[in-house]
Amino acid sequence: MSSDVADPAVLADLATACGVATTFTDWQGKSTTVPASTVTAVLTAMGFDVSTTAAARRALHDVKLAPWRRVLPPVVVAREGRLHHVPVHVAHGDPVDVVVDLEDDGGWAPLRQVDRWIDPVDVDGRLTGRATFELPDDLPLGWHVLRARTPAGETECPVVVTPDVLELPPTLRSGRSWGYQTQLYSVRSSRSWGIGDLADLADLSAVGASQGAGWILVNPLAAASPVPPMEASPYLPTTRRFVNPVYLRVEDVHEVAYLSPGDRALVERLAERVRPADHDAGEIDRDAAWAAKRQALDVVYAHGRTTAREAAFRRYVATEEPGLSGFATWCALAEHFGLPASEWPAEAADPAAAQASGLVDELADRIEFHRWLQWQCDEQLRTAQDAATAPGTGPGIVHDLAVGVHPDGADVWSLGDALAHGVTVGAPPDAFNQQGQDWSQPPWRPDRLADLAYRPFRDMVRTILRHAGGLRVDHVLGLFRLWWIPQDAPPAEGTYVRFDHEALIGILALEAQRAGAVLVGEDLGTVEPWVRDYLADRGILGSAVLWFEYDEAEPKAPEDFRELALASVTVHDLPPTAGYLAQEHVALRDRLGLLTRPVAEERARDAAEQERILGLVRDRGLLAAGADEQATVEALHRYLALSPSLMVGVSLVDAVGDRRTQNQPGTSSEYPNWRMPLTGPDGEVVLLEDLPTNPRVQSLARAVEQALAEPGDPAQR
């Protein structure tokens, strides 16, 4: 055996200890062995030296001894109302006392030691014992502190008590609710700056509420880079925690009211420069919108703030530190050096270097500007959520959490080794993507997340939920296991890496319960059989898409859909239903060379699959033979409403009769993904102020509202 290749058996043992799969079951039910090169690359990305057998053995030794080298675990995550055992490691024979200090000075409680003998272990030449303590089952929800006192001193770690079952928001406990699903950037009004914004979101919520909608699900609003070209995909942000200020409505910033006449005129001229785009059905130009907004926001920022407003700003900053300053510093550096960040000089290579080199001081005003932008986003998000919840009919705005971040973005720069390097996230081959998918995003390192007590994850979720009624978690399966692909390898040569789903789901549920929010897990694709049951047991809704809901080889009856689910006819990775019925997705994939079968065969298969669903809709008396496109779209939504699913989603593109695809999976520059404005069946722009009187919108809203009010088979009414 070559001396520079680790023994496969040792490599496999280390992989198993680290949650790295060496085999898996593919989408066809076949057991597949992961290439040794993949296992080696993934373990290397997790920080292990596995270049030789000796190095791999040392790494395995260290992994096994890691818990014994710590008095307490890096973090303890427990469920409310359940006993939880905590291992405590001390010099063999030493006494130890353990207490828990409750959050917010809520007092303290001692832990009882459990009579459980475990043989001591030689740890680096010292005999170390393990004592087992029991967390009380009546600890309140929250982030507490565990303290262990030994003759050698005191050690502490966070202890997180999470909901056993996430409570539904009050507005969803009383019955089912429907809402609009939309890409915010595409929904523009005559007052937008070429792109849908947070003021438009507030107005859209009001439109929906007037029709009976209880919520609005929007695309991830997470930040892109502050310098052009701005990444169009909302699912490839530079950070998932903070907001893209391109969604700000400049005129709604409080300080605009106090600008000088000259400055107010300048802001208005900048707006007039980009407003004509609101009426253009062509591609959305984020760079033009942001160039105008940034110049205007610079003017407003320079005006300053009153004492009261300054105090409010400082309170906001305090709640978001240190993450806010890290993100703002990256933005200032991006303006200063340009992108990609991987080409920045050594003095800007990471947060510590930027601080030591004086760049943080040099760019202090720009850093403050980007902190201020996030404060403005926070204020306008609060206004939008207040408007969305004012009618009291639903949770309001439901945000979307992307799977990961841009490989050269702010989170990669600021979070250090919390994210793995040398690998990307994706999906293995399946029936729809037989080559697999590479999403180009670096994954969390499960070991470092635990070492950091999951604080980066918590802070991200907490920030997003501050002004939200719900959160959809894209590819929620990634909180259980995630497909890691070695850099430059094809997606099919990846492997699964397991995460502590009890910790991640528990913390997600805790932060959602504190925010009074509903959680929706996007659990489509290759799912381990037990995962959906686990999510339901924790009170997290799944996702049900009409075209994909099958039981073995047969479409599910709507009554067999899950109750704890957000059900919809379509999703953003499919064309609007009007376009889908016309097979525009087949034509598009044919033009782009994405089909693996002859186009005639693809059309025939697609028509047969559509007919299986449409036939069931006709059988229920919901769709007449020869019905037109609009009637078919409404019938599909009435059929969907027969399900028991708690939330029923109506895509805004379906409401207006749009036909164009927002995102074509498997493409980047080949198709203008995430750039399509809202248009009607004639291809003309539909503005926000047109929605209340749009006949198609009114008709579909009435259809859904009536169907939810009168559930059951119409033939039996």
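1. Two residues are in contact when heavy atoms of each lie within 4.5 Å. In this predicted model, Gln-513 is in contact with Leu-141, Pro-163, Val-165, Leu-166 and Glu-167, its neighbours within four places in sequence being left aside. Gln-513 belongs to helix α16, which spans residues 501-515. The relative accessible area of Gln-513 is 17%, and buried means under 20%, so Gln-513 is buried.

2. On confidence, the protein chain has a mean pLDDT of 94, and 98% of its residues reach 70 or more. Over residues 713-717, however, the pLDDT is below 50. This stretch has ten contacts in the model beyond near neighbours in sequence. Where pLDDT is low, predicted coordinates should not be read in detail.

3. The largest nonpolar core contains 110 residues. Those touching the most other members are Trp-178, Tyr-180, Trp-193, Leu-297, Trp-372 and Leu-691. Helix α12, residues 364-389, gives the most to this core, contributing nine residues. A second, separate core has 74 residues, among them Leu-60, Val-461, Phe-480 and Val-527.

4. Residues up to four places away in sequence not being counted, Leu-297 touches Leu-248, Val-250, Val-253, Trp-290, Phe-369, Trp-372 and Leu-373.

5. How do the axes of helices α5 and α12 cross? The axis of α5 (residues 198-211) comes within 8 Å of that of α12, and the two cross at roughly 5 degrees. Angles under 35 degrees count as roughly parallel, and α5 and α12 are therefore roughly parallel to each other. On the α5 side the contact is made by Leu-198, Leu-201, Ala-202 and Ser-205. On the α12 side it is made by Cys-377, Gln-380, Leu-381, Ala-384, Ala-387 and Ala-388. By class, the contact of α5 with α12 has eight nonpolar, two polar and no charged residues.

6. The loop between α22 (652-656) and α23 (695-709) holds Thr-679, and Asp-682 also lies in the loop between α22 and α23. Asp-682, with a relative accessible area of 58%, is exposed.

7. Thr-679 touches Ala-281, Val-656, Gly-657, Asp-658, Arg-660, Glu-684, Val-685 and Val-686, residues up to four places away in sequence not being counted. Arg-660 is 19 residues from Thr-679 along the chain, and their C-alpha atoms are separated by 8.3 Å. For Asp-682 and Ser-225, which are 457 residues apart along the chain, the C-alpha separation is 34 Å.

8. Some backbone features deserve a check. Most residues other than glycine have a negative phi, and most peptide bonds are trans. The peptide bond from Glu-321 to Pro-322 is cis, with omega near 0 degrees. Pro-322 is placed in the loop between α8 (307-320) and α9 (323-337). Leu-339 and Pro-340 are likewise joined by a cis peptide bond, with omega about 15 degrees. Pro-340 is placed in the loop between α9 and α10 (351-356).

9. Positive phi values occur at Asp-105, about 55 degrees, and at Tyr-454, near 60 degrees. Asp-105 is in the loop between β5 (97-101) and β6 (108-110) and counts as exposed at 81% relative accessibility. Tyr-454 lies in the loop between α14 (446-451) and α15 (455-465) and counts as buried at 4% relative accessibility.

Technical notes:
Residues numbered from 1 in each chain as written. Predicted model: local features only at pLDDT ≥ 70, side-chain atom pairs only at ≥ 80, totals over all residues. Heavy atoms only, no water. Core = buried A, V, L, I, M, F, W, Y, C linked by side-chain atoms within 4.5 Å. Buried < 20%, exposed > 50% of the residue type's maximum accessible area, 1.4 Å probe, protein only. Helix = DSSP H or I, 4+ residues; strand = E, 2+ residues; numbered from the N terminus. pLDDT = per-residue confidence, 0-100. Axes fitted to C-alpha atoms, helices over the stretch in contact; angles between N-to-C directions. Parallel < 35°, antiparallel > 145°, perpendicular 65-115°, else oblique. Nonpolar A, V, L, I, M, F, W, Y, C, P; charged D, E, K, R; others polar.
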